[in-house]
Amino acid sequence: MAKTVSLKGVNKYYGTDKGTKNYAVNDVNLEIEAGKFVTLLGPSGCGKTTTLRMVAGFEEISEGSIYFGNEKVNDIPPNQRDCTMVFQSYALFPHMNVFENIAYGLKIKKLAKNTIVAKVNEVLEIMNLKEYKERTPSQLSGGQQQRVALARALVMEPGVLLFDEPLSNLDAKLRLVMRDEIRRIQQQIGITAIYVTHDQSEAMSMSDLVIVMNKGRIEQVGSPIEIYQRPQTRFVADFIGTANFVEGTVKSVEADHIVVHTKSGDLKVKRSGFKVNDKVTVVIRPEAVTLTKGTTHVGIVRKSVFMGQTQDYEVEYEGQIIQISEPNPILEETFAEGSHVSLQFSEHSLHVIPANS
Amino acid sequence: MNTMYKRFKREPLLPILIVLVSLCLIVFIVFPLYQIIKASFLTSDGQIGMDGYKRVLSGGGLSRSLTNSLVLAVISATLSTIIAYMFAYTFAYVKIPFKKLFNGIAILPVISPPFVIALSAMLLLGKQGLITKHLLGLDNANIYGLHGLVLVQTLSFFPIAFLTLSGLLRSISPSLEEASQNMGAGKWRTFVSVTLPLSVPGIANAFLLVFVQSLADFGNPMTIGGNYSTVAREIYLQAVGSYNMQAGAALAMLLLTITIIVYIFQNFWVGKKSYVTVTGKPTGQRRMIEKGPAKTILFIASMVVSFVVIAFYALVPIGSFIKLWGVNNSFTLDHYKYVFDLGQKAVLDTLKLAVIATPIAGLLGMIFAYLIVRTKFRGKKTLEVVSMLSIAVPGTVIGIGYILAFNKAPLALTGTGIIIVAAFVVRALPVGIRSGVTALQQIDPSIEEAATNLGAGRAKVFTSVVLPLIKSAFYNGLVNSFVKSMTAMSAVIFLISAKYNLITASIMAQVENGRIGVASAYCTILIIIMAIALVLLNMLVKWLSGTNRRTYYGKDS
């Protein structure tokens, strides 16, 4: 039965010699709906893994509370919490075969023998692992080990499923396959999942909700598209994808757009909420700019790299290097280093955040 | 307070274990050592004074025993290290046949009773010795004294140095030597300028290991020391012979100080100097020396040493069947008959106490290791240091400490089996802890978290995941405790009583009475018991982990 998970004012700190507190997790508040796939995303050391480990019960909560459904779990030991975890290193028991690994938790629950066999076989079937059940972990490939780890967590039918960077040990191709598979299975059984990663494409492709963390705090909570297109802080804009930042001041507010005055001239930007004279930063994604041979907004191409799907440029424009990415490059139409180009900003793709955010 | 109570309620096992384990350390290591310190500073009428130390340091027999021990230790350690280095170099660098033999020789002293070499030395080189009397025709050969001790200790202890050095030499990356040759150095130059400097920390380590072994050695000085008295022997004679506790305690303190200094030096200085991280895995493939004079010399030398060692060990079982060595060389079973008639009790007592001590030491070692590697609590560092430092405490020091500590209430344990078992356990523990710690450090902590996450409590995690994964370390710990207990001598010689006698003490008594044949029979029986026990232990551990693997629903599904 999928459960909601809520974190209320959760802090994790370590005392230092000087008596000050070192915060690993700082005032985290979260409401996770039952059956949703939620990702904690951030650079290493941002507190995402510590948060997950507090949910699992492996770290003591310094302050605040964590609830599964209506039940406060702070004082429930990790082995009695209704959540199972897929570990980064998989943490398969090397001395047990696949079947025994998956049956381990069920045995501890003291289920009847035939129930255990039935449940394990069912999950082996779902995960396509049937023919490997007699093998030990060392006889499996990375992807198979990953599936056993997931199977071992799933067979417990937990209220919450936790993932601690589970795909980081797989090669790039397999990672794509596994993330689709994890998402498919999560949807199929409708379980609440909390997933920790530092890989934004993983977060984007799998999640219902992405929580971006930085220095122990939540920077932004939103759907993948919100996080990408409407970042609320410079950190989020920079961490997710590539972004150019242009500082400016709001010059006028119109019905459907605002005009921001910048060094590089006036930019029309969709979105209100800012007043005239507000200091703002315009976030320009590389794909929000088109290059032409025109004569307005002229810059010089400093670097031009063919990437297959795109042609990536670094253009010097008004004393600043702007990263630009153009889809579908055709050899004759790309610009060489040193060419003068005109930058066309697409109004719909520009986004404004408060300056110094 | 509240959170502490909550944590206790959640995990009562852990704090209970910590308290239990700390109590063991305090009662059986710290308290006896404290008693030695106290006794060493008391005069015979109970006043505080330096009488003990004055007696030891003012010249005379006691102070001579101290210099004797140091001289002996330096000579034995130097010779052992040289022989061991030659062995280890040959093992790692030269292509010769019979290499398996080296491993066998390295294990011999570990599993053999402490007197075997000393007994053979008497049989070969004593007054009636095979070589001295019958080959050379000497009438008054004397093996007793410094030269005998040097011979016996070197042969007994060089394998320990060999194990250290061969591990180190094998882990020197061959590419370093290839680089040296690539830059123009010849083989000899490469050895002198690269291989030898890289092995200096290992040489220092090997030297110190043997140095401490020699200092702490009790059995050999007792049997063939003759007039050459050493500290370990003198502590025993003072404490048990003349019941002069002050002098014994003061001597024990000096011995302990030396061994602890060496231990600290070894771990903190030599350890830091090491250029080579010993991983146990050979790095790359080394091109072996296949011909040339170096090969011939090393091959002959190591074969000669191997032959000598094997001959020394083989002689004891042979001697046990001979009526009166050198005088009446006819075959007899009398010595065994004697052991079965009169010595049965010692054999059974030893076996019984060792069988009790073995699982205690084995389990305790793993629990210690688990606490050290996997848990956090206040005072953990102290626990770790005390438990590891006890490896540096010589057996005789433990022995005199136990007499002082457990002779009177509240812990009047003298004469009981408990105190002997405790001594066995304390002596065996450090090796068990160390192998447990090494094994645990290789296990990803998330494997244990996974078990917890799937519902296992701490005890269940330990038995179902940790123990199976460290079972070879556990087995090593068990074997080590059993072997150590069966062959223990230096500590327990202080503790035997009419109620409990031990094989090693019986052997010593026979040697003292000149009944070498009976002593040899005892040794042979001891070796046979240990061989059988090792096989049984191996089967037991296999069977234990077997039940773990064969889960009832593994196969039929």
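This is a predicted model: local features need pLDDT of at least 70, side-chain atom pairs count only at pLDDT 80 or more; totals for chains, interfaces and linings use all residues.
Two strands count as paired if DSSP finds at least two bridges between them.

Entry: I started with strand E16 of chain A, residues 298-306, and strand E19 of chain A, residues 340-345. Three bridges join them, so they pass the cut-off of at least two. The two strands run antiparallel. I picked out one bridge here: A:Val298 has A:Ser342 in E19(A) as its partner.

**Entry: E16 and E17.** Next I checked E16(A) against strand E17 of chain A, residues 310-317. I found six bridges, again with an antiparallel run.

**Entry: the hairpin.** E16(A) and E17(A) make a hairpin with three residues between the strands. I looked up A:Gly308 there and noted a positive phi near 95 degrees.

**Entry: E17 and E18.** Then I moved on to E17(A) and E18(A), which eight bridges join in an antiparallel run. A:Asp312 turned up again: its bridge partner in E18(A) is A:Ser325.

**Entry: the whole sheet.** In what order do the five strands of the open sheet come? I wrote down E15-E19-E16-E17-E18 for chain A, with antiparallel pairing. The edges are strand E15 (289-292) and strand E18 (320-327), each of which pairs on one side only.

Technical notes
Residues are numbered from 1 along each chain as its sequence is written. Chains are lettered from A and ligands numbered from 1 in the order in which they are written. Helices (H or I, at least four residues) and strands (E, at least two) are DSSP runs, numbered from the N terminus.
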